[in-house]
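I opened a new notebook page for this protein. Below are my entries, in the order in which I looked things up.

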Amino acid sequence: MKSKEDLLSLLNRIKQAELEEIGLQDQFHPFTMKHINYYCNPNNAFHRYRQFKVKKKSGGFRLITTPRNRSFMMMLSAVNELLKAMYTPSDYAMGFTEGRSVVSNANIHKGQNYVFNIDLKDFFPSIEQPRVWKRLQLTPFNFPEKIASLIAGMCSMKETRAYEDGRQETFFVLPQGAPTSPIITNMICDTLDRRLAGLAKRFGLHYSRYADDITFSSMHHVYQKNGEFRKELRRIITDQHFTINDDKTRLQKKGDRQEVTGIIVSEKLNVTQKYVRDVRNILYIWDRYGYPSALAKFIPKYKEEKGHVKKGNPNLENVIDGKLMYLKMVKGEEDSVYQRLHNKFVTLVAKMKEKSITTEQNVTYIETWAILEFEKKHSTEVVITTSENSHRYAHFIFGGKNAKASVNKNITPDEEKDKKHLAISLCIDEKGDTFWLVHTIDKIIAPKKKEVDIDELNRNLDLLLSM
């Protein structure tokens with residue numbers, strides 16, 4: 001590539017190929033030169049990135065920056081595919097790399113007497129645009145200055161830093177949350193990895209890096225605070241324009257709980273007891289009290305941890321499935337704990353699908369109650385409200401949190417006033433998101449699956465009316 005036109009053409013080819021791969025070629029709309037000119041200038045703050053804070057487990061908040069609109073996100077995704085096709089991270093980079101994971105990272109340090117971990121402070125924003133620009137001109141990319149400038153500008157954001165003396169300074173840095181930032185950090189850290197691997201070899205240690213999380217391990221102790229190893233480690237990291245977060249530096253000895261990227265490393269890899277306990281507890285509540293009760297227990301914690309990423313209510317089935325897949329990845333498919341939890345989960349999902357009904361609109365009704373019974377069971381009140389734009393919805397307290405429900409448009413004002421005519425259903429839409437729906441209690445849901453027994457459905461509705 002030698003010009004803007006070359007870059008634009010290649011990004012459009014990548015975008016078109018990606019859409020064809022998932023069967024959405026009809027939705028292909030090419031990027032234009034206007035897009036390139038705007039998105040490649042980090043000074044154009046509007047329409048490029050949005051920011052929000054995420055609560056850290058260790059306390060405090062982490063600032064996340066993500067593309068503000070779909071067009072810019074797709075352009076960065078295309079750039080990411082371009083970089084991935086040309087670059088393979090160092091053997092020591094375990095994060096953001098195909099075929100490597102937190103499990104690969106933990107395996108390197110399994111069964112050691114000492115595990116020494118450090119964290120790089122403000123990892124993403126410490127990498128500035130000129131550094132990215134220079135790296136793109138080196139092997140394996142060898143981009144001309146103009147192309148390197150376009151890509152570096154696209155992948156950077158404007159940041160203003162305020163100092164205690166009242167000064168303000170502007171920087172252009174990598175945003176934490178852009179699809180291109182992870183691979184760029186690995187590109188920038190090639191020299192860091194090479195030098196730290198050399199340091200590890202000199203002292204007889206194992207070394208790996210997962211993003212900003214750096215780990216050394218060994219059978220012998222070389223990690224004294226004022227020792228030669230730590231002095232040389234700090235010198236190398238400072239030379240590479242990074243800063244050690246001293247508050248997160250820790251030495252874990254054998255006999256204590258040794259963790260690497262959230263995984264316990266001893267003679268074999270394991271997850272924490274809390275992780276297993278949380279999955280077991282939610283499955284127990286689902287089995288004993290039903291899916292909605294499990295959802296009510298789960299939602300508050302989910303909203304606190306993931307509410308900034310996903311709007312609406314989570315699909316509990318998908319979340320538990322993901323947690324079990326992680327457990328399997330760490331402990332292995334033959335592990336007895338994984339097998340027991342997985343078998344319980346499969347049984348519960350099968351039972352739920354036996355009772356659920358899927359309509360022609362691909363909406364699955366998991367469970368339905370008369371509203372009066374629902375209010376009694378969950379100690380709540382379902383209140384139907386009309387918004388300023390004449391849109392009706394219902395709100396209530398569920399799982400200790402405010403919840404909203406859609407209201408079927410066919411409900412009449414008289415039915416709305418007399419709740420004995422109304423039912424509420426917990427549903428899953430075709431995207432897999434969970435939502436609540438208020439509808440008339442005698443509404444028959446047209447099944448998509450022929451095996452659903454309409455007479456049985458009517459009997460269930462009659463039972464709800466008699467409660």
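Before the entries, one term: a helix here is a DSSP run of H or I of at least four residues, and helices are numbered from the N terminus. I also note that the model is predicted.

**Entry 1. Arg131**

I looked up Arg131 and found it in helix 5. Leaving out neighbours within four places in sequence, I listed what Arg131 is in contact with: Ser126, Ile188, Gln240, His241 and Phe242. For one of these, Ile188, I checked the spacing. Arg131 and Ile188 are 57 residues apart along the chain, and their C-alpha atoms are separated by 7.7 Å.

**Entry 2. The whole chain**

I then stepped back to the protein chain. I noted 16 helices and 18 strands. Along the principal axes, the C-alpha atoms fill a box of roughly 80 × 60 × 50 Å. The chain has 467 residues, and 46% of them count as buried. I also looked at contacts with a separation of 6 or more: 62% of them join residues 24 or more positions apart.

How far does the confidence go? The mean pLDDT of the chain is 88, and 91% of the residues reach 70 or more. Over residues 444-467 the pLDDT stays under 50. The model has 33 contacts beyond four places in sequence for that stretch. Where pLDDT is low, the predicted coordinates should not be read in detail. I left that stretch alone.

**Entry 3. Strand 3**

Strand 3 covers residues 114-119, and I wanted to know whether it is covered or open. Six of its six residues are buried. I sorted them by face: Tyr114, Phe116 and Ile118 are on one side, and Val115, Asn117 and Asp119 are on the other. Both faces are covered.

Next I looked at the partners of strand 3. Strand 7 (residues 213-218) runs antiparallel to strand 3 and is joined to it by six bridges. In that pairing Val115 stands opposite Ser217. Strand 8 (residues 250-253) is also antiparallel to strand 3, with four bridges. There, Tyr114 stands opposite Lys253.

**Entry 4. Asp119**

I stayed in strand 3 for Asp119. What is the nearest side chain of opposite charge to Asp119? It is Lys248, 4.4 Å away. Asp119 has no salt bridge, because a salt bridge needs a side-chain nitrogen of Lys or Arg within 4 Å of a carboxyl oxygen of Asp or Glu. Beyond four places in sequence, I found Asp119 in contact with Asp212, Thr243, Ile244, Asn245 and Lys248.

**Entry 5. Asn105**

Asn105 is in helix 4, residues 102-107. Is Asn105 buried or exposed? Its relative accessibility is 0%, so Asn105 counts as buried. Not counting residues up to four places away in sequence, Asn105 touches Met94, Ser208, Arg209, Tyr210, Val260 and Thr261. Thr261 is 156 residues from Asn105 along the chain, yet their C-alpha atoms are separated by 7.5 Å.

**Entry 6. Backbone angles**

Most residues other than glycine have a negative phi, and most peptide bonds are trans. I wrote down some exceptions.

- Asp122 has a positive phi, near 50°, and lies in the loop between strand 3 and helix 5.
- Asn142 has a positive phi of about 55° although it is not a glycine. Asn142 lies in the loop between helix 5 and helix 6. At 48% relative accessibility, Asn142 counts as partly exposed.
- The peptide bond from Thr139 to Pro140 is cis, with omega near 10°. Pro140 is in the loop between helix 5 (129-135) and helix 6 (145-154).

Seven strands form it in the order 12-13-17-18-16-15-14. The sheet is open, with mixed pairing. Its edge strands are strand 12 (357-358) and strand 14 (383-386), each pairing on one side only.

Inside the order, I checked strand 16 (residues 401-407) against strand 18 (residues 434-440). They pair in the parallel sense over three bridges. Ser406 stands opposite Leu437 in strand 18. Helix 14 (residues 371-378) packs on this sheet. Helix 14 touches strand 13 (364-370), strand 15 (392-398), strand 17 (422-428) and strand 18. I noted an angle of about 85° between the direction of helix 14 and that of strand 13.

Key
Residues numbered from 1 in each chain as written. Heavy atoms only, no water. Pairing = 2+ DSSP bridges. Helix = DSSP H or I, 4+ residues; strand = E, 2+ residues; numbered from the N terminus. Contact = heavy atoms within 4.5 Å. Axes fitted to C-alpha atoms, helices over the stretch in contact; angles between N-to-C directions. Buried < 20%, exposed > 50% of the residue type's maximum accessible area, 1.4 Å probe, protein only. Lys, Arg positive; Asp, Glu negative; His and termini not counted. pLDDT = per-residue confidence, 0-100.
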